[in-house]
Amino acid sequence: MIDVLVAGGGPAGLATAIHAARAGMEAVVVEPRPGPVDKACGEGLMPTGAAVLRSMGVEPAGRPLRGIRYLDGRHRAQAAFRGGLGLGVRRTALHAALARRAAELGVRVVPGRVAELRQYGDHVEAAGFRARWLVAADGLHSPLRSLLGLELPEQGPRRYGLRRHYATAPWSDFVEVHWAAGGEAYVTPVGDGLVGVAVLTSRRGGYAERLSEFPALLERLDCPAATPVRGAGPLRQRVRARVAGRVLLVGDAAGYTDALTGEGVSLALLSAQALVRCLRAGTPLAYESAWLRLSRRHRLLTGALLAARRHRASARLIVPAAQRLPAVFGAAVRALA
């Protein structure tokens, strides 16, 4: 019997397996797709996430990030991270680096999908394996989460993300968040000649239509598109609990508020570390409170921004307020970082 069976071989699943292997546990990852897998993602890691990667022995090629900048055409506010740099990294490069580290530590990645499971007093059976614990890292629309009845009804407007890359030299070492009436556009430097541009919106329409709402950004992007458009959503996923018997949820499967503050990957890496720590301590139920603690600032700040975004009058004030109150904006950025 193995110690940890991980359903899903994305960053959250591989990080969980790496932490487990480093803790002396046998981990197996079940993943249906050959890697590295590309997905719609902002591709920016906060300093805490970058630090966790380094502690795991994972150092993918990317671009250092110094902070976050908000722009709305007339106003501008920026704040630098304190205590370290973030990292802009292609999703595929991150995935490949995590896979290499997992292989170095003896983690097996097997092709397949966890479509059903059986739980017993001391183990779980799934995908032909018997394991002490099963970790669901199967994404935003997690089939295992649904199977376990852990989903809650969605509330509020549905938001979606669209992302592609442009072959141009980054013009800043800040993540830029451009604000418009219909959504936000995130610009993340991910290579010496490559930037990722992700658009978040609740409006219908294709990537080009949505990007046209940011004329100043479009002027910067007078260059070839380097990748096809990828999409994800609805983004908000409400989850009843992160622990169900011997199954634990991590990454996007554990619940998601929005990509507005760009913490998804960093939170997944930190949560994977906390999950394995709880298993090693023999206190799996403590993972629920650990996840809530790790995600509290993200949920509060992202929720507050989303609430302001829903009303046209308050939405127009977000960037001007950040510009006029730099200390408050800086404190928010540092709290998230």
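Q: How many residues of strand E15 are buried?
A: Strands (E, at least two residues) and helices (H or I, at least four) are DSSP runs numbered from the N terminus, and buried means under 20% relative accessible area, exposed over 50%, partly exposed in between, with a 1.4 Å probe and protein chains only. Strand E15, residues 194–201, is mostly covered, with eight of its eight residues buried. This is a predicted model, where local features need pLDDT of at least 70 and side-chain atom pairs count only at pLDDT 80 or more, while totals for chains, interfaces and linings use all residues. Residues are numbered from 1 along each chain as its sequence is written, and side-chain values use heavy atoms, with hydrogens and water left out.

Q: Which residues of E15 point one way, and which the other?
A: In a regular strand the side chains alternate between the two faces of the sheet. Here Leu194, Gly196, Ala198 and Leu200 point one way from E15, while Val195, Val197, Val199 and Thr201 point the other way, and all are buried.

Q: In what order do the strands of the open three-stranded sheet come?
A: The order is E3-E7-E4, with antiparallel pairing. E3 (44–45) and E4 (63–65) are the edge strands, each pairing on one side only. Two bridges connect E3 with E7 (residues 86–88), and Leu87 is the bridge partner of Leu45.

Q: What span does helix H1 reach?
A: The expected span of a helix is 1.5 Å times one less than its number of residues. H1 (residues 11–22) has 12 residues and reaches 16 Å from first C-alpha to last, close to the 16 Å expected. In H1, 11 of the 12 residues are buried. After H1 comes Gly24, whose phi is positive, near 85°.

Q: Which residues line the largest cavity?
A: On a 1 Å grid over the protein atoms alone, a cavity is a set of points where a 1.4 Å probe fits but cannot get out; lining residues have an atom within 4 Å of a point. The lining here consists of Pro170, Trp171, Ser172, Phe174, Glu176, Val187, Pro189 and Val195. Strand E13 (174–180) and E14 each supply at least two of the lining residues.

Notes: Pairing = 2+ DSSP bridges. 1 Å grid on protein atoms, 1.4 Å probe; cavity = no way out; pocket = protein on both sides within 12 Å on 5 of 7 lines; lining within 4 Å.
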